[in-house]
Amino acid sequence: MRRGPWLWAAALAAYAFLYLPLTIVVIYSFNDSRLNAEWVGFTWHWYHELFHDEDMLIAAGNSLLIALIASLSATLLGTMAGLAMHRYDLKLLNFMVLAPVAMPEILLGVSLLLFFIQVLNLTLGMLSIVLAHITFSIGFVAVIVRAQLTSIDESLFEAARDLGATPWETFRYVTFPLILPAVIAGGLMAFTLSIDDFVVTFFTAGVGVQTLPLRIYSMIKIAVTPEVNAVSTLMMLLTLGMIVLASRIAPDVLKGKV
Amino acid sequence: MFSRKDNIHEKHEISVADPYMNYRLPFRAFRVFRGLMFFAFLVQLNCAHAEDVLHLYNWNNYISDTTIARFEKQCACRVVQDYYSDNEEMLAKLAAGATGYDLIVPTGNAVEALIRQRALRPLDKSLLPNLNNIDQAYLNTVFDPGNRYSVPYAYTLTLIGYNSEKMRELQLPVDSWAVIFEPRYLEKLKGHVTVLDSQRELLAAALKYLGYFANDTDETHWKKARDLIIRAKPYWAAFNASSYIKELTVGNIWLVHGYSNDIFQADLDAQNAQRGFRILAGIPKEGAVLALDSMVLHKSGPRPDLAHRFIDFMLDGHNSSELTNLIGSGNPNLAARRYIQPEIAQSPAVFPDKTQQENLEMLRDLDRHQRRVLSRIWTEIKLR
Amino acid sequence: MNDERKLSRSTRFPRWLVSGPPLLFLLLLVAIPGVIMVFASFRYPGEFGGLAPLAASDPQTLHGFTTETYRFFFSDFIYVEVFIKSFVMALATTLICLVMAYPLALLIARSPKRSRNLMMLLVILPFTSNFLIGIYAWMIILGPQAALNQLINILLGIFGAAPVQLLFSPFAVMITMVYVYLPFMVLPLYTNLEKHDPALLDAAQDLGANAWQRFWRVTFPLSQPGIFAGSALVFIPAIGMFAVPELLGGIGDIMIGNLIKDQFLGTRDWPFGSTLAILLTLAVLLVVWLVAKLSGRGGRYA
């Protein structure tokens, strides 16, 4: 009713703005030319190159390993932070959890670089990246867990107490099952934040360790080949499949009810 | 009542940060699933080998794959390479604590910096019989007198690269920096010129054009160079690190301030694509920057034995020539010349003659104050 | 607060056990690095990078604390100019995002319930991929060989104007920044607009307001919290951006992010890099505070 033609036109233009660039990336990934300029002919060549690019595969492996360790640690610490934020009025904790998320990423990146080198005298590499990723992931997990806790009826805990449950039993049999979906969602989010991160990784990676985003960055900067198109296309395709799958398994995640 | 009010107040404080997450959450959640695709990659990953490994920290695309393969076969070891695209980047990363490299290939000034930092291992020349192959002109530099730590590997010049057809059409000189800096020439080239996105290189070219040394550190001279650059800047298309190779090849950029090996690469690509023009290199008569890259042993490297073997291997004429044939780099190895393709050997960018050699300068390292001042000048150049 | 106290500690873990580990971790990796950075900004740069020592046996070598980085910053207007420029860029990104996101969010919010999720999904989908891919996409589209640039130049040629270059220009930086941050604007706007009661619009219509008046008098004021939230989400990360100007920018595109990155990874001047980072932090805090103030005032409409 109140969706006039102008509104439609503006919205469609915005959609086109969102999709046109990605469509072009996909199309050129099949183009038989090094230059992303004119259409020459169809080829699988760039995908073939991609799966034989050892540096790229190592980078993908690193990204995965880092994301796994970082997300597991962040889930543990973030869940604790979420519980603490919900239960106790800790201004300091609130601030510490939100600060790394609300600041431009470059600030976290350079301050961690300084800290690792100047104070810890740590050689930059896997460990420094993992620590940095845990740092910015905790906040996201904590906020999701806290949001879930807010929606839980407090009388449940009172009931547990009245029944004589110990703190551990209350947590194990009441709190934990209730917040489990939030914990999982937070963990998955930490995982993707980590695997996706470019800026903080850029400053804390040192030289030896490449991650996928760092690899893509240097490819864009130094030598652009349609291999970048190929890896981007694969990433997008898989996302699409996963989202379709996810909408079947857990519709709530899609609606953002976390 | 009071606590309620407190709560509202507190909400307010974080109202900016809070939505940051709440709204980010739904679409961040989708990224979750993307991660899973990387399992596919993992399957492909090779298991780690337990064998002899040489860690090489080298310029991007600065050694031929065949050369690497031959060395790996000869020493029954594996060569692992990491890359950098800028000396500053390499130094910064080493300063940031990168370790484990047996061999690095820094440019002269970076060699000097590394020596002064005591980051290098002295060479054992008894293990390097092929050192005799190196042209005396490239030994005993100011950066490493007596070559205690470094052995020349290859060099590049920072030159003018140009589209042969366009420059002939426009009748512009290609033997002077004037064509990069003078508006009277640039008018005809507006939007078709790129310069290097490197503080030192661009400043050096401007200083050379003004008749100063590339290593001049007088601030008033720097400011003159800055003004020259700012005056020419509106005519340039971009500051560029390496994508000018492609732009030259497709004929979009006609004139560059660039590295000799990049210009060589652009020429090869243009010929392969049968573009109908060549990409040629011109050595400016005012002089240019010569970047001599040398092999050095980093102290943190666990395998100096393999590193020495590698250095001697690379000093062999045939092995050394492969790099020049591949990327058109300048070659300090006298024994290599007979293996180098005649057309490449004729290029002044690969083997400059004696008079040209005299005008070539190697850049020295700057101290911290000079670095800071240069950084400010660079900011001014970018912003004005 | 009262509820918390009421529940006896017997059902709870001790406070330190739950809050201790995350708090310690964050103090160590957020607070301490922040403090270190403040200290670093008052140091001298090391000769080869890093920081000069605090104490030196040879009094000739630079050591100890100094305010020279701050004096250096204010000794020349150039750095303030970079801040202003970054501020303007981030603000422009925010405003363009707002103009583009608003109709989209409004349309989605006014669509039938069952299609809303799909429409939001279509907004989110392009951003499930890394922002570097978005940058790369625009490098292709705006490239001089690409159809768009050639078409524009043909049109310009007809009108006798000189050809233009799209890539490596402020225009390229702007459009890509908007592309990267657009969803950050759509999401909070949609969340806000979705909650609006259509009855309000009906009432306005009954009172004789035309479509234009209904929007400016009813919808827009009500959506202010969403606008402020979205603006903060776009502005804050945008002001620290360095990858977009670096990869797509032309001869004059430099932001604070590039400057900071350069001090740490190029010029080896950590103290000055720290100074820039601290001043950026202060600038961001100022903006956050301002937005909080403004949105607080805008709250009376709600």
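How many residues of chain C are in contact with chain A, and how many residues of chain A take part? In this predicted model, 73 residues of chain C are in contact with 75 residues of chain A. Several helices of chain C supply two or more residues each to the side that touches chain A. Helix 2 of chain C gives the largest share, 18 residues. By class, the side of chain C that touches chain A holds 50 nonpolar residues, 18 polar residues and 5 charged residues.

Chain C itself is built from helices. Its secondary structure comprises 14 helices and 0 strands. Along the sequence, the pattern reads α-α-α-α-α-α-α-α-α-α-α-α-α-α. Chain C is more spread out than a compact globule, because its radius of gyration is 25 Å, well over the 19 Å that the globule rule gives for 302 residues. Along the principal axes, the C-alpha atoms of chain C fill a box of roughly 85 × 80 × 35 Å. Of the 302 residues of chain C, 47% count as buried. Contacts between residues at least 6 apart in sequence were also examined in chain C, and 70% of them join residues at least 24 apart.

Is helix 13 of chain C enclosed by the rest of the structure or exposed, and why? This helix is largely enclosed, because 10 of its 10 residues are buried. A residue counts as buried here if 20 or more other C-beta atoms lie within 10 Å of its own. The buried residues of helix 13 of chain C include C:I256, C:L259, C:I260, C:F264 and C:L265. C:G257, C:N258 and C:Q263 are buried as well, and so are C:K261 and C:D262.

From the N terminus on, the elements of chain A run α-α-α-α-α-α-α-α-α-α-α-α. Of the 258 residues of chain A, 51% count as buried. Among contacts in chain A between residues at least 6 apart in sequence, 78% join residues at least 24 apart.

Chain B is divided by the domain assignment. Domain 1 of chain B covers 53-155 + 291-350, and domain 2 covers 156-289 + 365-383. The C-alpha centres of the two domains of chain B lie 26 Å apart. Their contact takes 13 residues from domain 1 and 14 residues from domain 2 of chain B. On the domain 1 side, helix 7 (residues 108-116) of chain B gives the most, with 3 residues. That side of domain 1 of chain B has 6 nonpolar, 6 polar and 1 charged residues.

The axes of helix 11 (residues 199-209) and helix 12 (residues 219-232) of chain B come within 9 Å and cross at roughly 100 degrees. These two helices of chain B are therefore roughly perpendicular to each other. Helix 11 of chain B makes the contact through B:L202, B:L203, B:A206 and B:L207. Helix 12 of chain B contributes B:H221, B:W222, B:A225, B:L228 and B:I229. The residues of this contact in chain B divide into 8 nonpolar, 1 polar and no charged.

Key
Residues numbered from 1 in each chain as written. Chains lettered and ligands numbered in written order. Predicted model: local features only at pLDDT ≥ 70, side-chain atom pairs only at ≥ 80, totals over all residues. Contact = placed C-beta atoms within 7 Å. Helix = DSSP H or I, 4+ residues; strand = E, 2+ residues; numbered from the N terminus. Nonpolar A, V, L, I, M, F, W, Y, C, P; charged D, E, K, R; others polar. Buried ≥ 20, exposed ≤ 12 C-beta atoms within 10 Å, placed from the backbone. Domains from an automatic or database assignment. Rg over C-alpha atoms; globule rule 2.2 N^0.38 Å. Axes fitted to C-alpha atoms, helices over the stretch in contact; angles between N-to-C directions. Parallel < 35°, antiparallel > 145°, perpendicular 65-115°, else oblique.
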